Amino acid sequence: MNTTMAMVVAVGLTAGLGHAQSFPSKNSVGVVPITIPPAGGSVQMGIHLQSLSGVGAITAVELFGSNQLVKANLPASATRIHIWSAASQQYRTLYQRLDGRYRLTTGEYTNFVFGTGDAVWLQSPTTSTAPHTIYVVGEVLSVLEVQRPMPPGLRMIANPFFAPWFLNGPGMTWVVDGAKRGVPLTADAIYLWDGTTYRSYYLRSSNSNWCDVANNAVLTTPVPVGSGFWYLGRGTNFVSRIPKWTGN
């Protein structure tokens, strides 16, 4: 799989697409364009929208609609959604069949529920020859903070809010929450795509900040709206508190 991570940019807080017009919402609605590269290429998408009923999660039909993805009865001929399972430490793959129903490649039909603040890969059909842009729609979170369970192991996560996420911002309390600090080989780690390659950071003991493994420089660049990244937990289960604004 081409693991190029692309930033997903929010283009509006009022839904102007037919995909969203049939859903009433008491809060702001986000519309986000995502361009999937051709020929089996993929893009990582951060899910920073929730159901228009406001439940902190969103279904496949609500998020992607019924007629945007490439549909096929064979997964390789359809747009594939690769979902990383923190529990099993492996991917599950979802696609839309010609009858419009969503199905996992293991055989189950499901209107899959995504957690706000999770991230997924979208992969184009191997036979596609041009980029394909879709629009995801959902409600913008109005809560003041999100509490995210963080089990040991790898997981893909995303900024759940329509604002830049400064991982070392003054509102973040990683160590207090239970993240493991230390040296590069023992501390919790994150992997951010810089446009060319992944950069590795760890939670450093001496300052409790996310620092570059290569040179110990403190991370100052925020996670953009709609972007995702990898988190490697090396300690025990904890709950991370993410405030609505984590700027400095």
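Biologist: In which strand is the place of Ile58?

Modeller: Ile58 belongs to strand S3, residues 57-59; strands are DSSP runs of E with at least two residues, helices are runs of H or I with at least four, and both are numbered from the N terminus. This is a predicted model, in which local features need pLDDT of at least 70, side-chain atom pairs count only at pLDDT 80 or more, and totals for chains, interfaces and linings use all residues. Residues are numbered from 1 along each chain as its sequence is written, and side-chain values use heavy atoms, with hydrogens and water left out.

Biologist: Is Ile58 buried or exposed, and which residues does Ile58 touch?

Modeller: Burial is read from relative accessible area (buried under 20%, exposed over 50%, partly exposed in between; 1.4 Å probe, protein chains only). Ile58 has a relative accessible area of 1% and is buried. Contact means heavy atoms within 4.5 Å. Not counting residues up to four places away in sequence, Ile58 touches Ile47, Leu49, Gln50, Ser51, Leu63, Phe112, Val113, Phe114, Val137 and Gly138. The C-alpha atoms of Ile58 and Thr116 are 7.1 Å apart, although 58 residues separate the two in sequence.

Biologist: How many residues does the largest nonpolar core have?

Modeller: In soluble globular proteins, nonpolar side chains tend to be buried together. A nonpolar core is a set of buried Ala, Val, Leu, Ile, Met, Phe, Trp, Tyr and Cys residues joined through side-chain atoms within 4.5 Å. The largest here has 24 residues, and Met45, Phe64, Ile81, Leu94, Phe114, Leu122 and Val136 have the most contacts inside it. Elements giving two or more residues to this core include strand S1 (29-36), helix H2 (60-64) and strand S9 (132-139). Apart from this core lies another, of 21 residues, among them Met172, Trp174, Leu219 and Val223.

Biologist: What is the strand order in the open sheet that contains S4?

Modeller: Two strands pair if DSSP finds at least two bridges between them. This open sheet of 5 strands has the order S2-S8-S4-S5-S6, with antiparallel pairing. S2 and S6 are the edge strands, each pairing on one side only. Strand S5 (residues 90-96) is joined to S6 by 3 bridges, and Gln96 stands opposite Tyr102 in S6.

Biologist: Which element gives the most to the lining of the second largest pocket?

Modeller: S7 gives the most, with 3 residues. The residues lining this pocket include Ile83, Trp84, Phe112, Val113, Phe114, Gly115, Arg155 and Met156. On a 1 Å grid over the protein atoms alone, a pocket is an open set of points where a 1.4 Å probe fits, with protein on both sides within 12 Å along at least five of seven lines; lining residues have an atom within 4 Å of a point.
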